[in-house]
Amino acid sequence: MSDDKGKFLSTTKLANASEVKAKDLFDKLEKAGFIVRDTNNKWTLTDEGKNAGGCIKKSSRTGEYVAWKEDFDVKSLMEGKAPVTSTNKFNGKRISATVIGKEFGLSATRINQIIDELGWMNKHLKGWKLTKQGKHNGGFQFEDGKTGIPYVLWDESIIKNKHFTNSVNDTIGTNAEKKSTDNSLNSFRNKFEAKHRAADGHFVRSKAEMLIDNWLYMAGIVHAYERKLPIEEEVYTDFYLPIGKVYIEFWGLEECDQKYAARKKIKQDIYKKYGFNLIELTDKEVLNLDDVLPKMLLKFGITTY
(Lines give C-alpha, C1' and ligand atoms only; values in the text may rest on other atoms or scores of the structure.)
Protein backbone atom coordinates (compact mmCIF):
# COMPACT_ATOMS: atom_id res chain seq x y z
CA MET A 1 0.00 0.00 0.00
CA SER A 2 2.98 2.30 -0.25
CA ASP A 3 4.63 4.51 -2.75
CA ASP A 4 8.35 4.80 -3.52
CA LYS A 5 9.36 1.27 -2.51
CA GLY A 6 7.31 1.25 0.65
CA LYS A 7 8.90 4.37 2.14
CA PHE A 8 6.02 6.79 1.63
CA LEU A 9 2.23 6.71 1.59
CA SER A 10 -0.22 9.22 0.20
CA THR A 11 -2.36 10.89 2.86
CA THR A 12 -5.38 8.79 1.88
CA LYS A 13 -3.40 5.54 1.95
CA LEU A 14 -1.83 6.52 5.26
CA ALA A 15 -5.32 7.05 6.66
CA ASN A 16 -6.44 3.62 5.43
CA ALA A 17 -3.34 1.96 6.84
CA SER A 18 -3.93 3.66 10.19
CA GLU A 19 -7.65 2.80 10.18
CA VAL A 20 -8.85 6.40 10.37
CA LYS A 21 -11.05 8.38 8.02
CA ALA A 22 -9.12 10.20 5.31
CA LYS A 23 -11.18 13.36 5.89
CA ASP A 24 -10.30 13.35 9.60
CA LEU A 25 -6.60 12.88 8.87
CA PHE A 26 -6.57 15.75 6.37
CA ASP A 27 -8.35 17.90 8.94
CA LYS A 28 -5.82 17.07 11.67
CA LEU A 29 -2.88 17.66 9.34
CA GLU A 30 -4.29 21.06 8.40
CA LYS A 31 -4.90 22.06 12.02
CA ALA A 32 -1.36 20.99 12.89
CA GLY A 33 -0.07 23.34 10.21
CA PHE A 34 1.45 20.53 8.14
CA ILE A 35 -0.65 21.09 5.02
CA VAL A 36 -2.58 24.01 3.52
CA ARG A 37 -4.71 24.54 0.43
CA ASP A 38 -3.06 26.57 -2.32
CA THR A 39 -4.75 29.07 -4.65
CA ASN A 40 -5.98 26.16 -6.79
CA ASN A 41 -7.60 24.55 -3.73
CA LYS A 42 -5.07 21.71 -3.78
CA TRP A 43 -3.29 20.43 -0.69
CA THR A 44 0.33 21.48 -0.41
CA LEU A 45 3.02 20.82 2.18
CA THR A 46 4.26 23.45 4.67
CA ASP A 47 7.75 23.67 6.17
CA GLU A 48 6.32 22.17 9.36
CA GLY A 49 4.97 19.30 7.30
CA LYS A 50 8.37 18.71 5.73
CA ASN A 51 9.95 18.63 9.18
CA ALA A 52 7.36 16.07 10.23
CA GLY A 53 8.43 13.73 7.44
CA GLY A 54 6.16 14.75 4.56
CA CYS A 55 7.18 15.27 0.96
CA ILE A 56 5.67 16.00 -2.44
CA LYS A 57 5.35 13.09 -4.89
CA LYS A 58 4.22 13.01 -8.50
CA SER A 59 1.76 10.69 -10.15
CA SER A 60 1.16 10.41 -13.90
CA ARG A 61 -2.54 10.06 -13.14
CA THR A 62 -3.21 12.65 -10.43
CA GLY A 63 -0.16 14.91 -10.59
CA GLU A 64 1.53 16.13 -7.42
CA TYR A 65 0.34 14.95 -4.03
CA VAL A 66 1.45 15.03 -0.40
CA ALA A 67 3.03 11.82 0.91
CA TRP A 68 4.21 10.72 4.34
CA LYS A 69 6.69 8.26 5.77
CA GLU A 70 5.15 4.92 6.61
CA ASP A 71 5.99 5.36 10.30
CA PHE A 72 4.34 8.79 10.55
CA ASP A 73 2.85 9.07 14.04
CA VAL A 74 -0.82 9.21 13.09
CA LYS A 75 -1.98 8.08 16.54
CA SER A 76 -0.43 11.07 18.34
CA LEU A 77 -1.75 13.45 15.72
CA MET A 78 -5.32 12.16 16.05
CA GLU A 79 -5.06 12.49 19.85
CA GLY A 80 -4.16 16.16 19.53
CA LYS A 81 -0.45 15.73 20.25
CA ALA A 82 2.48 16.74 18.08
CA PRO A 83 3.62 13.73 16.03
CA VAL A 84 6.97 12.43 17.20
CA THR A 85 9.63 13.28 14.60
CA SER A 86 13.39 13.55 14.63
CA THR A 87 13.13 17.32 14.10
CA ASN A 88 10.39 18.09 16.59
CA LYS A 89 11.44 18.41 20.23
CA PHE A 90 7.93 19.33 21.38
CA ASN A 91 5.91 16.14 21.37
CA GLY A 92 3.48 16.72 24.21
CA LYS A 93 -0.18 17.63 24.18
CA ARG A 94 -1.00 21.04 22.75
CA ILE A 95 -2.83 23.24 25.22
CA SER A 96 -4.56 26.61 25.16
CA ALA A 97 -4.09 29.70 27.31
CA THR A 98 -7.21 28.67 29.23
CA VAL A 99 -5.68 25.32 30.18
CA ILE A 100 -2.35 26.97 31.05
CA GLY A 101 -4.13 29.54 33.19
CA LYS A 102 -5.81 26.86 35.30
CA GLU A 103 -2.36 25.60 36.30
CA PHE A 104 -1.43 28.98 37.75
CA GLY A 105 -4.79 30.33 38.87
CA LEU A 106 -4.76 33.00 36.16
CA SER A 107 -7.19 33.90 33.39
CA ALA A 108 -6.53 33.08 29.75
CA THR A 109 -6.32 36.83 29.08
CA ARG A 110 -3.54 37.25 31.64
CA ILE A 111 -1.65 34.22 30.25
CA ASN A 112 -1.83 35.67 26.74
CA GLN A 113 -0.56 39.01 28.08
CA ILE A 114 2.41 37.27 29.72
CA ILE A 115 3.27 35.32 26.57
CA ASP A 116 2.85 38.47 24.47
CA GLU A 117 5.17 40.38 26.82
CA LEU A 118 7.77 37.64 26.45
CA GLY A 119 7.69 38.25 22.70
CA TRP A 120 6.54 34.73 21.86
CA MET A 121 3.46 35.90 19.98
CA ASN A 122 2.01 39.19 18.74
CA LYS A 123 -1.53 40.51 18.78
CA HIS A 124 -3.02 40.38 15.29
CA LEU A 125 -6.00 42.40 14.03
CA LYS A 126 -7.93 39.46 15.38
CA GLY A 127 -6.24 36.59 17.16
CA TRP A 128 -2.54 35.92 17.72
CA LYS A 129 0.52 35.38 15.52
CA LEU A 130 3.39 33.17 16.66
CA THR A 131 6.92 34.62 16.61
CA LYS A 132 10.23 32.89 15.99
CA GLN A 133 10.95 32.89 19.71
CA GLY A 134 7.48 31.50 20.40
CA LYS A 135 8.07 28.63 18.01
CA HIS A 136 11.41 27.97 19.70
CA ASN A 137 9.57 27.67 23.03
CA GLY A 138 6.90 25.23 21.90
CA GLY A 139 4.25 27.32 20.17
CA PHE A 140 2.20 26.09 17.21
CA GLN A 141 0.32 28.40 14.85
CA PHE A 142 -3.24 27.53 13.87
CA GLU A 143 -6.07 29.18 12.01
CA ASP A 144 -9.77 28.83 12.64
CA GLY A 145 -11.25 26.96 9.70
CA LYS A 146 -14.42 29.05 9.61
CA THR A 147 -13.27 32.57 10.51
CA GLY A 148 -9.62 32.44 9.46
CA ILE A 149 -8.62 34.01 12.79
CA PRO A 150 -5.09 32.91 13.79
CA TYR A 151 -4.47 31.40 17.21
CA VAL A 152 -1.64 29.69 19.04
CA LEU A 153 -1.51 26.49 21.07
CA TRP A 154 1.43 25.50 23.24
CA ASP A 155 3.24 22.29 23.97
CA GLU A 156 2.34 21.23 27.51
CA SER A 157 5.99 21.67 28.49
CA ILE A 158 5.34 25.43 28.65
CA ILE A 159 3.97 24.86 32.15
CA LYS A 160 7.51 24.04 33.29
CA ASN A 161 9.31 26.43 30.93
CA LYS A 162 11.72 28.46 33.07
CA HIS A 163 11.26 31.74 31.19
CA PHE A 164 7.49 31.46 31.22
CA THR A 165 7.19 30.47 34.87
CA ASN A 166 9.56 33.29 35.85
CA SER A 167 7.30 35.76 34.07
CA VAL A 168 4.26 34.28 35.78
CA ASN A 169 6.00 34.58 39.14
CA ASP A 170 6.97 38.18 38.36
CA THR A 171 3.33 38.91 37.57
CA ILE A 172 1.98 37.49 40.81
CA GLY A 173 4.90 38.77 42.91
CA THR A 174 6.59 35.47 43.78
CA ASN A 175 9.97 36.64 42.49
CA ALA A 176 9.92 39.93 44.37
CA GLU A 177 12.61 38.91 46.87
CA LYS A 178 14.75 36.78 44.55
CA LYS A 179 18.18 38.02 43.51
CA SER A 180 20.36 37.14 40.56
CA THR A 181 23.22 34.74 41.24
CA ASP A 182 25.04 35.71 38.05
CA ASN A 183 28.57 37.00 38.60
CA SER A 184 29.58 37.81 35.01
CA LEU A 185 27.41 39.81 32.65
CA ASN A 186 25.37 41.38 35.44
CA SER A 187 28.08 41.93 38.05
CA PHE A 188 27.94 45.66 37.32
CA ARG A 189 24.38 45.68 38.66
CA ASN A 190 25.82 44.96 42.09
CA LYS A 191 28.63 47.47 41.61
CA PHE A 192 26.40 50.44 40.79
CA GLU A 193 23.53 51.09 43.17
CA ALA A 194 20.14 52.03 41.71
CA LYS A 195 19.83 55.36 43.55
CA HIS A 196 18.57 57.75 40.88
CA ARG A 197 14.80 58.11 41.15
CA ALA A 198 13.02 58.63 37.82
CA ALA A 199 9.75 60.52 37.39
CA ASP A 200 7.70 57.31 37.32
CA GLY A 201 9.26 56.01 40.55
CA HIS A 202 11.84 53.68 39.01
CA PHE A 203 15.22 53.71 40.74
CA VAL A 204 17.93 53.50 38.06
CA ARG A 205 21.72 53.29 38.19
CA SER A 206 22.84 56.43 36.37
CA LYS A 207 21.74 59.92 35.46
CA ALA A 208 21.66 58.90 31.78
CA GLU A 209 19.27 56.03 32.54
CA MET A 210 17.14 58.45 34.55
CA LEU A 211 16.90 60.76 31.52
CA ILE A 212 15.89 57.84 29.29
CA ASP A 213 13.31 56.61 31.80
CA ASN A 214 11.87 60.11 32.21
CA TRP A 215 11.66 60.56 28.44
CA LEU A 216 9.76 57.28 28.00
CA TYR A 217 7.44 58.15 30.88
CA MET A 218 6.64 61.64 29.56
CA ALA A 219 6.06 60.18 26.07
CA GLY A 220 3.48 57.80 27.55
CA ILE A 221 5.44 54.69 26.58
CA VAL A 222 5.04 51.75 28.95
CA HIS A 223 8.44 50.35 29.86
CA ALA A 224 10.20 48.01 32.27
CA TYR A 225 13.60 48.65 33.81
CA GLU A 226 16.19 45.87 34.04
CA ARG A 227 13.91 43.22 32.54
CA LYS A 228 15.46 39.77 32.15
CA LEU A 229 15.65 38.60 28.56
CA PRO A 230 13.52 35.47 27.90
CA ILE A 231 16.53 33.31 27.02
CA GLU A 232 18.75 30.69 28.65
CA GLU A 233 21.52 33.19 29.38
CA GLU A 234 20.91 35.33 32.44
CA VAL A 235 20.99 38.76 30.81
CA TYR A 236 19.11 41.90 31.81
CA THR A 237 18.23 44.73 29.48
CA ASP A 238 18.30 48.37 30.56
CA PHE A 239 14.76 49.03 29.29
CA TYR A 240 12.09 46.89 27.67
CA LEU A 241 9.08 48.26 25.78
CA PRO A 242 6.24 45.70 25.55
CA ILE A 243 4.76 47.60 22.61
CA GLY A 244 6.97 46.70 19.67
CA LYS A 245 8.96 44.21 21.78
CA VAL A 246 11.86 46.66 21.82
CA TYR A 247 14.92 46.57 24.09
CA ILE A 248 16.97 49.68 24.88
CA GLU A 249 20.59 49.56 25.99
CA PHE A 250 22.59 52.56 27.18
CA TRP A 251 26.35 52.21 26.70
CA GLY A 252 28.28 54.70 28.79
CA LEU A 253 31.54 53.24 30.09
CA GLU A 254 33.14 51.28 27.25
CA GLU A 255 35.72 54.00 26.47
CA CYS A 256 37.20 53.92 29.97
CA ASP A 257 36.46 50.38 31.17
CA GLN A 258 37.74 47.38 29.21
CA LYS A 259 35.62 44.92 31.18
CA TYR A 260 32.54 46.97 30.39
CA ALA A 261 33.46 47.04 26.69
CA ALA A 262 33.82 43.24 26.70
CA ARG A 263 30.45 42.88 28.42
CA LYS A 264 28.90 45.20 25.83
CA LYS A 265 30.16 43.01 22.97
CA ILE A 266 28.76 39.86 24.61
CA LYS A 267 25.35 41.47 25.10
CA GLN A 268 25.27 42.78 21.53
CA ASP A 269 26.02 39.28 20.24
CA ILE A 270 23.19 37.88 22.36
CA TYR A 271 20.69 40.41 21.00
CA LYS A 272 21.81 39.51 17.48
CA LYS A 273 21.68 35.77 18.16
CA TYR A 274 18.03 35.88 19.19
CA GLY A 275 16.95 38.55 16.74
CA PHE A 276 15.63 40.92 19.39
CA ASN A 277 14.65 44.49 18.47
CA LEU A 278 17.41 46.62 19.95
CA ILE A 279 17.96 50.37 20.30
CA GLU A 280 21.44 51.40 21.44
CA LEU A 281 22.08 54.80 23.04
CA THR A 282 25.33 56.58 23.91
CA ASP A 283 25.97 59.62 26.08
CA LYS A 284 25.78 61.90 23.05
CA GLU A 285 22.39 60.53 22.01
CA VAL A 286 21.02 60.74 25.55
CA LEU A 287 21.63 64.48 25.45
CA ASN A 288 19.46 64.67 22.29
CA LEU A 289 16.67 62.20 23.05
CA ASP A 290 13.96 64.42 21.57
CA ASP A 291 15.74 64.29 18.22
CA VAL A 292 17.04 60.73 18.05
CA LEU A 293 14.71 58.45 20.05
CA PRO A 294 11.45 59.13 18.13
CA LYS A 295 13.21 58.15 14.89
CA MET A 296 14.66 55.00 16.43
CA LEU A 297 11.30 53.97 17.89
CA LEU A 298 9.49 54.62 14.61
CA LYS A 299 11.60 51.91 12.96
CA PHE A 300 9.79 49.42 15.22
CA GLY A 301 6.33 50.89 14.67
CA ILE A 302 6.25 53.00 17.84
CA THR A 303 5.04 56.57 17.36
CA THR A 304 5.52 59.35 19.89
CA TYR A 305 3.78 62.67 20.52
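The predictor's confidence in each residue is expressed as pLDDT, which runs from 0 to 100. The structure is a predicted model, in which local features need pLDDT of at least 70 and side-chain atom pairs count only at pLDDT 80 or more, whereas totals for chains, interfaces and linings use all residues. Residues are numbered from 1 along each chain as its sequence is written, and side-chain values use heavy atoms, with hydrogens and water left out. Mean pLDDT for the protein is 84, with 87% of residues at 70 or more. Over residues 1-5 pLDDT stays under 50, and the model has 14 contacts (heavy atoms within 4.5 Å) beyond four places in sequence for this stretch.

Helices α10 (residues 207-218) and α13 (residues 289-298) pack with their axes 12 Å apart, at an angle of about 65°. Helices here are DSSP runs of H or I of at least four residues, and strands are runs of E of at least two, numbered from the N terminus. Leu211, Ile212, Trp215 and Leu216 of α10 meet Leu289, Asp290, Leu293, Pro294 and Leu297 of α13.

The largest nonpolar core comprises 23 residues, and Leu216, Leu281 and Leu293 have the most contacts inside it. Such a core is a set of buried Ala, Val, Leu, Ile, Met, Phe, Trp, Tyr and Cys residues joined through side-chain atoms within 4.5 Å, buried being under 20% relative accessible area with a 1.4 Å probe and protein chains only. At least two core residues come from each of α10, β14 (236-241), β15 (246-250), β16 (277-281) and α13; α10 gives the most, with five. Beyond four places in sequence, the contacts of Leu281 include Ile212, Ile248, Phe250, Leu289 and Leu293.

Technical notes: Axes are lines fitted to C-alpha atoms, for helices over the stretch in contact, and angles run from 0 to 180 degrees between N-to-C directions. Buried means under 20% relative accessible area, exposed over 50%, partly exposed in between (1.4 Å probe, protein chains only).
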